[in-house]
Amino acid sequence: MPVMRMATSPAAPQAALPISAPFEPTLDWTPRTRLLGILSGWTLFGMGLAYVVTMVAGFAAAGNLTDPIRDPHLAIMELLILVQAPIIIVMFAAIHAYAGRANRVLSLSAFALVCLMAGITISVHFVLLTVGRQVSPASIPGFTQLFSWHWPSVFYALDILAWDFCFGLSLLAAAPIFGGYRLGRWVRTGMLLAGTLCLVGLAGVVVGNMQVRNIGILGYGAVFPVVALLMARFFTRMSPA
């Protein structure tokens with residue numbers, strides 16, 4: 001049974017509603033979990049800014065938006081992803097801890113999808129940062145179709161699966177958890193927008209046009225960092241159970 005019902009009188013939950021949005025905190029929503037949610041949100045916002053700046057610099061160095069980004073900008077972006085992915089897991093674990101009983105299935109589904117996304121993208125970028133940069137393309141038949149960022153490529157497809165599909169679905173699953181007053185509605189709207197853009201980016205794979213696929217990058221690369229900032233502010237206002 002939720003803590004608030006055991007520790008207060010029947011009239012007390014009404015007075016606590018402004019603190020807990022309309023959702024009642026669970027026993028998992030502890031001060032440490034709240035702090036981790038706040039820190040992960042601010043960290044993801046800062047790393048998102050760094051990712052966008054590096055990506056813009058990479059496209060500027062390439063001189064167009066069609067050619068793949070090259071080193072050193074590509075290596076920096078891949079390193080950022082290796083650090084960013086585990087932090088996203090922490091944030092969604094905090095979301096699951098915050099979610100009320102009515103939303104636990106959604107929060108758990110979102111957490112599982114984020115773990116799947118992180119596992120795929122960490123594997124892809126770790127291999128590309130190590131093996132992909134140490135072997136000669138001539139020594140592996142079909143190297144470009146395996147390790148490159150030229151479509152079609154196996155690793156390119158895996159990374160799209162991680163970010164556009166798995167992460168897009170996780171954002172849509174987590175969105176209904178938030179609501180209530182204005183900041184909560186902003187978080188929910190931002191998640192819906194980012195998740196939708198990620199899924200729309202999958203159309204680029206279907207038609208073989210990576211310019212269309214860039215819509216997905218807009219979702220997780222531009223909109224999501226803002227959502228992370230909003231979540232950090234949201235969690236700051238949420239009292240632990």
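Reader: How do the elements of the chain run, from the N terminus on?
Author: In this predicted model, they go α-α-α-α-α-α-α-α-α-α. The tally is ten helices and zero strands.

Reader: What share of the chain is made up of buried residues?
Author: Buried residues account for 44% of the 241 residues. As for contacts with a separation of 6 or more, 72% of them involve residues 24 or more positions apart.

Reader: What makes the span of helix α10 agree with what it should be?
Author: Helix α10 covers residues 210-236, which is 27 residues. At 1.5 Å a residue that should give 39 Å, and the end C-alpha atoms sit 38 Å apart, so the two values agree.

Reader: Where in α10 does a kink lie?
Author: The kink is at Phe224, shortly before the proline Pro225, and comes to about 40°. At the start of α10, Asn209 puts a side-chain oxygen within 2.8 Å of the backbone nitrogen of Gln211.

Reader: Why does Phe155 count as buried?
Author: Buried means under 20% relative accessible area. Phe155 has 15%, so it qualifies. This residue lies in helix α7, residues 154-174.

Reader: Which residues is Phe155 in contact with, leaving aside its neighbours within four places in sequence?
Author: They are Val124, Val127, Leu128, Leu146, Phe147 and Trp149. As for Gln145, it is ten residues from Phe155 in sequence, with 8.3 Å between their C-alpha atoms.

Reader: How many salt bridges does a search of the whole structure find?
Author: Four. One of them pairs Asp71 with Arg133, the closest N and O atoms being 2.7 Å apart.

Reader: Why does the pair of Asp71 and Arg133 tie together parts of the chain?
Author: Asp71 is in the loop between α3 (31-62) and α4 (73-98), while Arg133 is in helix α5 (residues 104-134), so the pair ties together parts 62 residues apart in sequence. As to calling it a salt bridge, the limit is 4 Å between nitrogen and carboxyl oxygen, and 2.7 Å is within that.

Reader: How do you know whether Asp71 is buried, partly exposed or exposed?
Author: Partly exposed is the range between the buried limit of 20% and the exposed limit of 50%. Asp71 has 44% relative accessibility, so it counts as partly exposed. Arg133, at 34%, counts as partly exposed too.

Reader: What does Glu78 form with Arg133?
Author: A salt bridge, where the closest N and O atoms are 3.0 Å apart. Glu78 lies in helix α4 and Arg133 in helix α5, so this pair ties together parts 55 residues apart in sequence. Glu78 is buried, with a relative accessible area of 1%.

Reader: Which side chains does the salt bridge at 2.9 Å, N to O, bring together?
Author: Those of Arg213 and Asp164.

Reader: Which residues do salt bridges that share partners join into one network?
Author: Asp71, Glu78 and Arg133.

Reader: Where are the prolines Pro72 and Pro152 found, and what is omega at each?
Author: Pro72 is in the loop between α3 and α4, and the cis peptide bond joining Asp71 to Pro72 has omega of about 5°. Pro152 lies in the loop between α6 (143-147) and α7. The bond from Trp151 to Pro152 is cis as well, with omega near 0°.

Reader: Why is Thr54 called buried?
Author: The relative accessible area of Thr54 is 11%, and the limit is 20%, so it counts as buried. Thr54 lies in helix α3. Beyond its neighbours within four places in sequence, Thr54 is in contact with His73, Ile76, Met77 and Leu80.

Reader: Which residues of the largest nonpolar core touch the most other members?
Author: Phe92, Phe167 and Met191, out of 60 residues. At least two residues of this core come from each of α3, α4, α5, α6, α7, α8 (182-200) and α10. Helix α4 gives the most, with twelve.

Reader: What is Phe167 in contact with, leaving aside its neighbours within four places in sequence?
Author: Phe167 contacts Ile88, Phe92, Val114, Met117, Ala162, Tyr220 and Phe224. Phe224 is where the kink in α10 lies.

Terms used. Residues are numbered from 1 along each chain as its sequence is written. This is a predicted model: local features need pLDDT of at least 70, side-chain atom pairs count only at pLDDT 80 or more; totals for chains, interfaces and linings use all residues. Side-chain values use heavy atoms; hydrogens and water are left out. Helices (H or I, at least four residues) and strands (E, at least two) are DSSP runs, numbered from the N terminus. The expected span of a helix is 1.5 Å times one less than its number of residues. The bend at a residue is the angle between axes fitted to the seven residues ending there and the seven starting there. A polar contact is a pair of N or O atoms within 3.5 Å; within protein, one must be able to donate a hydrogen and the other to accept it, and residues adjacent in sequence count only if both atoms are side-chain atoms. Buried means under 20% relative accessible area, exposed over 50%, partly exposed in between (1.4 Å probe, protein chains only). Contact means heavy atoms within 4.5 Å. A nonpolar core is a set of buried Ala, Val, Leu, Ile, Met, Phe, Trp, Tyr and Cys residues joined through side-chain atoms within 4.5 Å.
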